[in-house]
Amino acid sequence: MWMLSFVPDALLYTVVIGILFTGIALYIISFVTRFIPPLIPYSGIARILGTILTVVGIYFFGSYSTEIEWRARVAELEEQVKVSEAKSKEINIQIQKVYVDRVKVVKQTQIVIQEKIKEVEIKIDSECSKVAPEAVDILNEAAAGVKK
Amino acid sequence: MKKLLLVVILLMMTGCAMFSPTPVKRNFPAVPSELMESCPDLKKTEPTEKLSEVLKVVVDNYGQYHECKIKVDTWVEWYNMQKNIFESVK
């Protein structure tokens with residue numbers, strides 16, 4: 001049935017309405033033919049055929065209405081998805097730019113601080129005569145964190 | 001006639017269920033590659049007696065922490081924004 005989604009709306013509508021009205025017409029004709037003697041033998045066949053076509057037509061009309069409703073819903077969703085995808089791309093570009101800018105600020109601050117250390121390096125080292133190796137070990141241990 | 005009417009109504013109802021909806025395919029957007037890189041390990045101090053050398057490493061590590069914090073914050077920001085956009089399609 002999914003193959004019907006490839007059939008154009010107009011063609012589907014024409015076929016469905018065609019079947020439905022042919023059925024109704026045949027059903028009416030079957031009553032008229034009862035009063036025309038040469039056509040009386042065909043009256044019964046026309047009525048059966050008319051009934052079948054009317055029922056099939058109504059069935060397809062119901063299906064057609066649902067199909068059209070779904071097609072409209074799908075088209076609406078596809079449009080929304082298109083808009084959301086465009087927004088997503090825009091957000092990605094914005095976020096990327098914000099991230100790069102923030103990291104740049106951190107790196108620049110780092111450079112400034114390292115420069116400050118260099119300026120007072122001699123003073124720091126002269127006032128603090130010696131760092132105990134244990135202190136370095138503890139610091140490294142803390143930096144290593146919990147290893148798996 | 002009543003039976004025929006019943007059959008017609010029944011057929012109309014099954015007719016509605018005849019077509020299956022065409023699914024609209026959607027993918028959650030991919031995260032910018034910068035945010036996919038994991039945070040580096042903290043630097044370790046080489047054996048030294050100079051406080052300034054130790055200080056340089058500590059400052060470097062602070063910098064790494066700040067970069068990593070920015071990454072996590074940006075991740076959260078990105079996710080929330082994309083989630084809002086994704087959920088806006090109904």
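Predicted model: local features only at pLDDT ≥ 70, side-chain atom pairs only at ≥ 80, totals over all residues.
In chain A, among contacts between residues at least 6 apart in sequence, 60% join residues at least 24 apart, where two residues count as in contact if their C-beta atoms, placed from the backbone, lie within 7 Å. Residues are numbered from 1 along each chain as its sequence is written, and chains are lettered from A, with ligands numbered from 1, in the order in which they are written.

Let me begin with chain A, which has 3 helices and 0 strands and reads α-α-α along its sequence; helices here are DSSP runs of H or I with at least four residues, strands are runs of E with at least two, and both are numbered from the N terminus. Of the 148 residues in chain A, 15% are buried, and by buried I mean that 20 or more other C-beta atoms lie within 10 Å of the residue's own, whereas exposed means 12 or fewer and partly exposed lies in between, with C-beta atoms placed from the backbone.

Which residues, then, make up the largest nonpolar core? There are 10 in all, namely A:Val16, A:Ile19, A:Leu20, A:Leu26, A:Ala46, A:Leu53, A:Ile58, A:Tyr59, A:Phe60 and A:Tyr64, a nonpolar core being a set of buried Ala, Val, Leu, Ile, Met, Phe, Trp, Tyr and Cys residues joined through C-beta atoms within 7 Å. Helix 1 and helix 2 of chain A are the elements that give two or more residues to this core, and helix 2 of chain A gives the most, with 6 residues.

Helix 3 of chain A gives another picture, since it is hardly covered, with 0 buried residues among its 12. Its end C-alpha atoms are 16 Å apart, in agreement with the 16 Å that its 12 residues should span at 1.5 Å a residue, and it is followed by A:Gly145, whose phi is positive, near 65 degrees.

Where the chains meet, 45 residues of chain A are in contact with 45 residues of chain B. On the chain A side, the elements that give two or more residues are helix 2 (40-127) and helix 3 (133-144), with the largest share, 33 residues, coming from helix 2 of chain A.

I will end with B:Phe86, which sits in helix 3 (residues 51-87) of chain B and is partly exposed, because 17 other C-beta atoms lie within 10 Å. Apart from its neighbours within four places in sequence, B:Phe86 is in contact with A:Ser84 and B:Phe28.

Methods: Expected span 1.5 Å × (residues − 1).
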